[in-house]
Structures are given as C-alpha cells and as structure tokens.
Amino acid sequence: MPATPRVPRDLAESACRAPGTLRLVAVIDLRSDTLTQPTPAMRDAMARAEVGDDVYGEDPTVNRLQETAARLLGKEAALYVPSGTMGNQASLHPFVRPGDVLLAGKGAHVLWYESGAPAALSGIQVETLGHGGFFDGAEVRAAVRPDESHYAPTRAVAVENTHNRSGGRVFPLDRIKDVAAAAREHGLHLHLDGARLWNAVVATGTPADAWAAPFDTVTFCLSKGLGAPVGSVICATREAIRRIHRARKMLGGGMRQAGVLAAAGLHALEHHVERLAHDHANARRLAEGLAELGFAIEGAPETNMVMFRVEDTAGFREALRSRDLYVNPMDPGRFRAVTHLDVSADDIEDAIDRIGRIVKEGIR
Ligand SMILES: Cc1ncc(COP(=O)(O)O)c(C=O)c1O
C-alpha cells in the first residue's frame with residue numbers, strides 16, 4: 001500500500017496534544033474518496049504519457065485507456081470524460097427528449113448532486129423509485145405511463161452501483177437483471193452510474209463485465225476510490241459512443257492533450273483496483289470501533305463507506321474537526337465516513353481513538 005500522506009496541522013494548536021507536550025497530529029480525512037492525492041508512481045506515469053490532440057482522436061494514451069475500459073467492461077467502445085457528472089449526463093442526453101422521464105433510485109446522484117443537470121441540459125424530469133437507492137422491475141413497470149399522448153413518456157432508467165447516499169451499498173445483480181428486463185419490455189434506455197463500480201467488483205468478486213452487461217451505457221469514475229485526479233469513462237456500443245461523443249463535445253468535454261490525465265486513469269486501473277479491499281476492510285473496522293463506542297451503524301459496510309448516527313450534528317462535527325478528523329454529515333444526525341487510498345489501517349485505529357475521546361467529553 002502507498003505511504004499515507006500526513007498533513008501536519010499547526011503544532012501549537014492541536015486539540016489532541018496532551019497539556020505541556022508537543023505532538024504532530026495528522027489530519028485524517030474521511031469526507032470522501034475523491035480527496036486522494038496522486039501517488040508518486042501515478043505522477044510518474046502522467047509525466048511520461050505520450051499525448052496528442054484527443055479532439056482529433058489522436059491521443060494514444062486516451063485511446064489506450066478507452067480500449068482498456070471497453071475491454072474490461074465487455075463493451076464495444078468507450079469514451080473518456082472529465083467527470084462522473086459529465087459521464088452520466090452525456091450518457092443520457094442522446095437517448096432522451098425534453099419532457100421525458102428518467103427513473104432512478106431514491107437519493108440518486110443524478111438527482112441530488114448534479115446541479116439540476118438532467119432538467120437543465122436534457123430537459124428531462126427525474127422520478128425516484130424504491131428505497132435506499134434500490135428498486136426492482138415491478139417498480140419500473142408500475143412507473144411507466146400507459147398513454148404518451150397524455151403523460152410524460154418514460155424514456156430511461158438509471159441505476160447507481162455502488163449507491164452513494166445509501167452508504168456504498170451494492171445493488172444486487174439479480175435485481176439489476178430484473179430492472180433490465182422491465183426496461184427492455186418498455187424500450188427504455190438503461191444507464192449505470194458506476195462511479196464506484198470497481199468497489200462493487202472487489203466487494204463481490206463479480207467481474208466488471210458481468211455488472212455492465214445488462215446496461216446500454218455504463219460510466220465509472222477513475223477519480224474516486226481508484227485515486228486518479230480526474231476522469232471517468234463511458235462504455236457502450238460503438239453506435240451509442242458515437243452519439244455520446246457529440247454530447248461530450250456539446251458539454252465542453254472535448255479535451256486536447258488529455259493523455260497526461262488518462263495516464264493516471266490507466267495507472268489506477270492497473271494498480272489500484274485490488275487494493276480497494278483494504279478500504280473495505282478499513283470501513284468494516286471503523287464501523288466496529290464506532291459500534292463499540294455506542295454509535296448506531298446503518299448496516300454493516302459493504303464497501304468503503306460507513307453511515308452512522310449522531311445526536312448533535314454540529315457539535316460532533318466541530319469536535320471532530322478540532323481533532324483533525326474530517327467526516328461529513330449527509331443529513332442531520334447522519335454521518336458518512338469514507339475510506340480510501342490515503343487512509344491506512346493505523347489511521348482508522350487513530351480515528352476510533354480520537355472519536356472515543358470526543359465521546360468521553362459527552363459529545364455524540
Ligand atoms: C454515485 C456518483 N455518481 C457520480 C458522481 C460524479 O462524479 P464527479 O464528481 O466526477 O462529477 C459521484 C461523485 O461523487 C458519485 O458519487
């Protein structure tokens with residue numbers, strides 16, 4: 001595993017310092033797996049990348065990343081995009097028309113965290129289904145409007161796997177197949193927001209192409225648990241990618257010598273997939289430590305996130321921060337801790353220790 005980066009805080013002002021002593025306290029940042037720093041080996045790969053103009057399709061490193069992603073996901077073609085948000089929006093845009101309906105799980109990233117993009121960029125409405133981000137074929141069938149002359153036509157379905165707001169839970173493959181069967185019956189475009197698809201792959205042992213097979217379009221992020229600074233990849237048929245390519249250009253995602261960034265993505269796919277198991281083990285250990293301290297945990301962590309309940313949202317967050325420990329609340333009273341490349345097993349023990357001190361002060 002790579003060395004854990006240590007960010008020293010002001011030596012004179014650390015709340016973790018016993019009175020009269022001087023101690024270097026490392027920041028432990030569990031807000032998100034997007035916070036990772038590129039490793040020295042990744043930076044080296046970026047510096048050495050062969051590049052060209054990718055708008056001309058002439059960047060050899062971008063092309064290699066796209067070919068690798070398509071092969072891993074069992075799709076004909078792939079397209080590199082700057083972000084997961086653009087990946088989702090460009091994957092939907094060519095397949096819907098203004099006024100159409102996109103079905104998605106409750107708490108879906110496309111609805112909560114993409115700044116209204118489905119409505120603003122494609123003119124579509126989002127209707128949410130199910131619980132905790134999951135739904136099934138029957139719910140899709142029930143949501144499809146019977147008469148397009150009167151109702152907004154349902155045109156697409158988006159599945160999020162793993163599901164962020166439900167705490168990194170894995171959407172079971174048999175339910176995905178059930179959703180896919182319903183989508184096929186109604187001719188709906190089926191998209192996978194696989195920002196953390198590789199976490200699902202490592203957690204279940206089910207390969208990426210099996211997860212991708214039911215879908216028309218699949219995005220995965222290189223900049224989450226995989227640790228690249230930038231980028232996502234869309235995988236689909238050659239014809240779908242041709243249409244998505246235009247959407248990417250329209251959205252301003254045509255990049256030029258993007259190989260310096262794609263090299264980080266290739267490095268991540270080669271070196272940072274299997275190590276996600278460490279993040280999952282760290283999440284399980286953190287959940288165990290929090291439970292021992294009396295916190296209610298929302299289900300055993302399936303991947304790299306721990307959702308837990310606190311009584312005093314603002315007070316607890318402030319107490320964490322004063323101990324150089326960063327964790328975000330998702331909702332009032334509900335915190336999400338995310339493990340990643342820059343958090344070691346020792347950091348997790350340290351984090352549990354710091355939280356234990358907070359609890360002793362009566363804050364929880
Ligand atoms: C499930 C999910 N989808 C999409 C995205 C969007 O990725 P980006 O931040 O690269 O736009 C995120 C980001 O956190 C996410 O969690």
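A residue counts as near a molecule if one of its heavy atoms lies within 4 Å of that molecule. The model is predicted, so local features need pLDDT of at least 70 and side-chain atom pairs count only at pLDDT 80 or more, while totals for chains, interfaces and linings use all residues. Residues are numbered from 1 along each chain as its sequence is written, and side-chain values use heavy atoms, with hydrogens and water left out.

**Exercise 1. List the residues that surround the ligand and sort them by class.**

Step 1. Start with the shell: Ser-83, Gly-84, Thr-85, Asn-88, His-109, Glu-114, Glu-160, Asn-164, Asp-193, Ala-195, Arg-196 and Lys-224.

Step 2. Now sort them, counting Ala, Val, Leu, Ile, Met, Phe, Trp, Tyr, Cys and Pro as nonpolar, Asp, Glu, Lys and Arg as charged, and the others, Gly among them, as polar. The shell divides into one nonpolar, six polar and five charged residues.

Step 3. Helix H3 (residues 84-92) gives the largest share, three residues.

**Exercise 2. Find side-chain polar atoms close to ligand atoms, using pairs of N or O atoms within 3.5 Å.**

Step 1. Take the ligand's oxygen atoms: a polar side-chain atom of Thr-85 lies 2.6 Å from one oxygen atom, and for Asn-164 the distance to an oxygen atom of the ligand is 3.1 Å.

Step 2. Turn to nitrogen: an N or O atom in the Asp-193 side chain is 2.7 Å from a ligand nitrogen atom.

**Exercise 3. Describe the pocket where the ligand sits.**

Step 1. On a 1 Å grid over the protein atoms alone, a pocket is an open set of points with protein on both sides within 12 Å along at least five of seven lines, and lining residues have an atom within 4 Å of a point. The ligand sits in the largest pocket, meaning that more than half of its atoms lie within 2 Å of the grid points.

Step 2. That pocket has a volume of about 290 Å³, the space filled by probe spheres set on points joined across faces, edges and corners.

Step 3. Its lining has 22 residues, with His-109, Tyr-113, Asn-164, Arg-196 and Lys-224 nearest the centre. H3 and strand S11 (328-331) each supply at least two lining residues.

Key:
Polar contact = N/O pair within 3.5 Å; in protein donor to acceptor, adjacent residues only side chain to side chain. 1 Å grid on protein atoms, 1.4 Å probe; cavity = no way out; pocket = protein on both sides within 12 Å on 5 of 7 lines; lining within 4 Å. Helix = DSSP H or I, 4+ residues; strand = E, 2+ residues; numbered from the N terminus.
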